[in-house]
Amino acid sequence: MTSDAVSSLLQASSDLLDDYRAGIWWPTSHEQTVVTGLFRAGLFTARHIHGYRQLAGETTLSKGRLIGALQPAEAVLDAHDTTDGTPAHAALDRFQMLIDTLATDEQGHSIRPSRQELHVRGTITLTWDAGLSRIPLECPQCHARTNATLTVTDGSVTYTCSAQHTSPDHRLDAESVEAAIGSMLGFHRVLGDLALPGAPSPTPS
Ligand SMILES: [Zn+2]
């Protein structure tokens, strides 16, 4: 028996894939946040989909088309038998193909995720002068230097310490943080220290 969620997932994933390949639909940067997150996570669970939906922003996602596949995917993963040969497995396969196609930017739309996070267990060091000068980053409130999370949102970077104090850090270059995330093959977590190129004083924008 094929449930509503399974047929919705198969239908929505197929439609989006067709429209993307026909060049008449492509993800928004918020949708790409979910796509990239799922692709890098390398596995789909209902919890992953839910988490990346929240990271990208439910209200913004509700205005786009991708949610039409994300909602049934979450329902299917949550409550269905997804073993090989089941209709749920086939629908998830199509969903996987959609995510892979969008994440690898098959059509070259170059959509960048609206939001990405990087957790660093050690110290984050800002480097400049081709790496000759360096200073450790710290929380302006409690001066913690380890276990921070860098968040890139639409081109700017914030530093969140382990006590959840969040401050913007204009010295950090969003592109170098994104490059660090990109170079880690799917991990949004650095277990040791991280050096990032930046500028010692905020550059006026
Ligand atoms: Zn703090």
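Helix axes are lines fitted to C-alpha atoms over the stretch in contact, and the angle between two of them runs from 0 to 180 degrees between N-to-C directions. The structure described here is a predicted model, in which local features need pLDDT of at least 70, side-chain atom pairs count only at pLDDT 80 or more, and totals for chains, interfaces and linings use all residues. Residues are numbered from 1 along each chain as its sequence is written.

Helix H3 spans residues 46-56 and helix H5 residues 67-79; their axes come within 8 Å and cross at roughly 150°. H3 and H5 are therefore roughly antiparallel to each other, a term applied to angles over 145 degrees. From H3, the contact draws on Ala-46, Ile-49, His-50 and Arg-53, and from H5 on Leu-70, Ala-73, Glu-74, Leu-77 and Asp-78; contact requires C-beta atoms, placed from the backbone, to lie within 7 Å.

H3 also has a buried side. Its buried residues are Ile-49, Tyr-52, Arg-53 and Ala-56, where buried denotes 20 or more other C-beta atoms within 10 Å of the residue's own. They cover an arc of only 105° around the axis, which puts them on the same side of H3; the arc is that of the directions from the helix axis to the C-beta atoms. These buried residues pack against helix H2 (29-41), helix H4 (58-61), H5 and strand S1 (115-128).

The face of H3 turned away from the buried side carries Arg-47 and Gln-54, both exposed, that is, with 12 or fewer such C-beta atoms. Just after H3, Gly-57 adopts a positive phi of about 105°.

Key. Helices (H or I, at least four residues) and strands (E, at least two) are DSSP runs, numbered from the N terminus. Angles under 35 degrees count as roughly parallel, over 145 as roughly antiparallel, 65 to 115 as roughly perpendicular and the rest as oblique. Two residues are in contact if their C-beta atoms, placed from the backbone, lie within 7 Å.
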